[in-house]
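Here are some review notes to read beside the model. Please keep the sequence and the 3D view open while going through the points.

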Amino acid sequence: MTLSDHPASTPEHHPGHSPLLRAARGLPVPHTPVWFMRQAGRSLPEYRALREGVAMLTACRTPELVTEITLQPVRRHGVDAAILFSDIVVPVQAVGLDVEIQPGVGPVVAQPVRERADLDRLPELHPDMVPDVAEAVRALVAELGPTPLIGFAGAPFTLASYLVEGGPSKNHERTKALMHGDPALWHDLCARLAQISAAFLQVQVDAGASAVQLFDSWAGNLSRRDYLAHVEPHSRAVLEQLATHAPDVPRIHFGVGTGELLLDMAQAGADVIGVDCRVGLRDAVARTQGRYAVQGNLDPALLFAPWEALEGEIRRIVDEGQAAPGHIFNLGHGVLPDTDADVLTRVVALVHRLSQH
Ligand code: CP3
């Protein structure tokens, strides 16, 4: 019997009433909800065991593995949400682009996308290209019962950066050269990626995901001027399409080093603004005019600090989060692979205890 088949499963036990969704909507919560970006991954021995000999993108396209890997951190840590085990390049691979994820490197694109003719290798995404993703989400939602599942996609700029550079990049020089050198092609590329991201999110929401996060991980490398002119309209298109399609599904918008962009990213169509560890939550609330729930923002490196030091930081963040209409506790970026999983479990328990109402 799954949790959702349980006789006590009334609408009150629906994920819609969960602390995560309530916080995202700015409603009172029994405790501050907490989950971790990259909570599924190499910090967990049970993950490393399942991934043995299986390529990353193969794992992402195998519903049984996706389901099990997604559930692992929920069982182990008692986090307030699951996030679908997938990757931002899954939908571009699904439309036919030749991409792989190399261990310790990240996404590598065989033939980078740099010319107009390259757009032909990037057709629109239709739901029947990712039936495995819908299947995994349905299985997860049945298994998770009241615990919400977060769906996600990469935002057009961050996706474009991998496609144009051909892999991870520190300076994004080719991406910025295309953005400024051929703005028409840049906009057409981002419009196509926006279609792909929005369709990928819709598949997840239609299958039962109860919140979504749009990852624009590398947007913080842009000036505000460039962000507004060349990036924001495409992220807005993704978020607006989802808002129209599923108005009740909260939208979280996250990037790294985005202190200067927080208000613009929130206004692009988010309910929750993701904050990395470079900006205090109180400042993030002020910069977003107190109008948005916030998510964050413990430095993932501090999970390696002595517990007393870590505890002090967690107390400060839980306290600062009170300034926001809603606070979802998270890291400022993903869990680092060498993190001690037991420390993550202790963080969840402490956040819950400190914020108990
Ligand atoms: O957060 C979660 O638990 C859900 C899973 C998730 C993964 N990728 C799994 C993954 C999510 C949300 C992502 C999104 C993603 N992928 C982003 C945006 C989030 C962020 O971190 O900013 C980006 C930029 C990518 C691209 C990508 N995929 C990178 C840079 C890497 C790391 C490469 C490495 O080995 O260091 C990946 C691989 C990846 N995606 C792993 C996981 C668990 C590691 C694969 C492994 O186990 O070897």
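**Notes on the predicted model**

1. The ligand site. This is a predicted model. In it, 26 residues surround the ligand, and the closest are Arg38, Tyr47, Asp87, Ser217 and His333.

2. A polar side-chain atom of Arg42 sits 2.9 Å from a ligand oxygen atom. Ala40 uses its backbone instead: one of its backbone N or O atoms is 3.2 Å from an oxygen atom of the ligand. Gly104 also contributes through a polar backbone atom, at 2.8 Å from a ligand oxygen atom. How much of the ligand's area does the protein bury? Taken alone, the ligand exposes 870 Å², and the protein buries 91% of that.

3. The overall fold. The chain holds 14 helices and 9 strands. Its radius of gyration is 19 Å, close to the 21 Å that the globule rule gives for 357 residues, so the chain is as compact as a globular protein of that length. Along the principal axes, the C-alpha trace spans about 55 × 45 × 40 Å.

4. Of the 357 residues, 57% count as buried. The chain exposes about 14400 Å², of which carbon and sulfur atoms supply 51%. Take the contacts between residues at least 6 apart in sequence: 73% of them join residues at least 24 apart.

5. Helix α10. This helix covers residues 224–245 and bends by about 55 degrees at Val231. A proline, Pro233, follows within four residues of the bend. Val231 is also one of the buried residues of α10, as are Tyr227, His230, His234, Val238 and Leu242, among others. Which elements do the buried residues of α10 pack against? They pack against helices α7 (156–165), α8 (173–181), α9 (183–206) and α11 (262–267), and against strands β5 (211–215) and β6 (251–254).

6. A general point on helices. An α-helix has 3.6 residues a turn, so residues three or four places apart point the same way. Keep this in mind when looking down a helix in the viewer.

7. Val347. This residue lies in helix α14, residues 341–355. Is Val347 buried or exposed? Val347 is buried, because its relative accessible area is 0%, and the cut-off for buried is under 20%. Leaving aside neighbours within four places in sequence, Val347 is in contact with Phe36, Leu303, Trp307, Leu310, Ile314 and Phe329. The C-alpha atoms of Val347 and Val34 are 8.9 Å apart, although 313 residues separate the two along the chain.

Terms used
Residues numbered from 1 in each chain as written. Predicted model: local features only at pLDDT ≥ 70, side-chain atom pairs only at ≥ 80, totals over all residues. Heavy atoms only, no water. Bend = angle between axes of the 7 residues up to and from the residue. Helix = DSSP H or I, 4+ residues; strand = E, 2+ residues; numbered from the N terminus. Buried < 20%, exposed > 50% of the residue type's maximum accessible area, 1.4 Å probe, protein only. Contact = heavy atoms within 4.5 Å. Near = heavy atom within 4 Å. Polar contact = N/O pair within 3.5 Å; in protein donor to acceptor, adjacent residues only side chain to side chain. Areas by Shrake-Rupley, 256 points an atom, 1.4 Å probe, with all protein chains shown as cover. Rg over C-alpha atoms; globule rule 2.2 N^0.38 Å.
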